[in-house]
Amino acid sequence: MRSFTALVNPIAGGGSAAQRWQPLADLITAAGASVTVELTESQAHAVELAANAARRGDVVVAVGGDGLVRDVAQGVVDADGTLGIVPAGRGNDLARKLNLPTEHAELAELLLNAPEKRIDVIDAAGSVVLGNVYAGVDSLSTRIINDNRWMPAKLVYRLAPVRALLSWQPPTYTVTADGQTITGKAHTVVVANSGAYGHGLQIVPGAVVDDGLLDVMIVGAGPKWRIASFMSQAKTGAHVDRPEVQIIRAKEVVVDADKPVPVGADGDDLGALPCTIRVRPGALKILAP
């Protein structure tokens, strides 16, 4: 039978992650499995705890949002372990992409008995990313979201892009994808593994987590007022048919710009451009449907 180490982000979901985990822990221990719980203190701490637990042979369960899942995956990949996810953050976009159950009994059953599957990860600036790397008005929004954790998730995820737009001036990007170079003014460049972000947006709906490729979306510059309709269409993925949207696929992408642009990754800050982004096919073992 599997053994588990649950890494809980104490601030995820407004501090509710531990409450989310406890009923699952009760079900898992009742089934006869051993469970260890650790509270994460920082990104580096989460990576270290995950690697140590994976080396012991435990399934490492990330109890938090997409940021914690990314940090735990870093340690799990390094140790060739297995990741489980209990969505307990504000975004939980990867969990939705993977169709993870939300009911306690179904999620406990998955953790106990689901076969392992392998999915791709992104390597960006030396970090493992499971969802997406992005640089543009959305990465500015990420900074605003993380500076306003006290606000309700649905509200801040909708207001942050509006605030970011007030100061945004689109730079000229240079995107090199497997040797093909594209240059032009744009509002954002998204390099997707999962294609889901922003609390439920299907930003790159064609992205697949186990195809060995990155889906690169370039949103060309245009009037700022059009971004509102773009974001509305992104709820369903219909925005990809807009004329300013270009999508290509590649295994390695280098993104740069003619002025400073922050880089976001799964809801957190990853520094600034330039950034080299590569796919690592099948690098992560995960429990998912």
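**Ground rules**

I'm working on a predicted model, where local features need pLDDT of at least 70, side-chain atom pairs count only at pLDDT 80 or more, and totals for chains, interfaces and linings use all residues. Residues are numbered from 1 along each chain as its sequence is written, and side-chain values use heavy atoms, with hydrogens and water left out.

**Overall build**

I listed the secondary structure and got 8 helices and 15 strands in the protein chain. These are DSSP runs numbered from the N terminus: helices are H or I with at least four residues, strands are E with at least two. The radius of gyration is 19 Å, close to the 19 Å that the globule rule gives for 289 residues, so the chain is as compact as a globular protein of that length. That radius is taken over C-alpha atoms, and the rule is 2.2 Å times the number of residues to the power 0.38. Along the principal axes, the C-alpha atoms fill a box of roughly 60 × 40 × 30 Å.

I then checked burial and contacts. Of the 289 residues, 57% count as buried. Taking contacts between residues at least 6 apart in sequence, I find that 75% join residues at least 24 apart; contact means heavy atoms within 4.5 Å. The accessible surface comes to about 12,000 Å², and 52% of that belongs to carbon and sulfur atoms. Those areas come from the Shrake-Rupley method with a 1.4 Å probe, and for residues only the protein chains shown count as cover.

**Charges and salt bridges**

I looked at where the charges sit on average. The mean positions of the 26 positive and 30 negative charges are 6 Å apart. Lys and Arg count as positive, Asp and Glu as negative, while His and the chain ends are not counted. Each charge is placed at NZ of Lys, CZ of Arg, CG of Asp or CD of Glu.

How many salt bridges does the structure hold? I get 8, where a salt bridge is a side-chain nitrogen of Lys or Arg within 4 Å of a carboxyl oxygen of Asp or Glu.

Back to R70: its side chain meets that of D71 in a salt bridge at 3.0 Å, N to O. D71 counts as buried too, at 9% relative accessibility. I followed the links on and found R70, D71 and D268 in a network of salt bridges.

Next I took D80 and R118, whose side chains meet in a salt bridge at 3.6 Å, N to O. This pair links distant parts of the chain: D80 is in the loop between α3 (66-79) and β4 (82-87), R118 is in strand β5 (residues 116-124), and they are 38 residues apart. D80 is partly exposed at 46%, and R118 counts as partly exposed at 41%.

D93 and R96 make a bridge of 2.9 Å, N to O. Both lie in helix α4 (residues 93-97), 3 residues apart, about one turn of the helix. An α-helix has 3.6 residues a turn, so residues three or four places apart point the same way. D93 is buried at 4%, whereas R96 counts as partly exposed at 42%.

**Inside the chain**

I went through helix α5 (residues 104-113) for its buried residues and noted L107, A108, L110, L111 and L112. They pack against β1 (4-8), α1 (17-30), β3 (59-64), β4 and β15 (275-287).

What does I122 touch, leaving aside neighbours within four places in sequence? Its contacts include V128, V133, V191, L214 and I277. I122 is in strand β5 and counts as buried at 0% relative accessibility.

V253 lies in strand β12 (residues 252-257), and V253 counts as buried at 0%. Beyond four places in sequence, V253 touches residues including V175, V191, L214 and I277.

My last stop was D138 in helix α6 (residues 137-146). D138 is buried at 10% and touches T188, V190 and Y197, not counting residues up to four places away in sequence.

Conventions:
Buried < 20%, exposed > 50% of the residue type's maximum accessible area, 1.4 Å probe, protein only.
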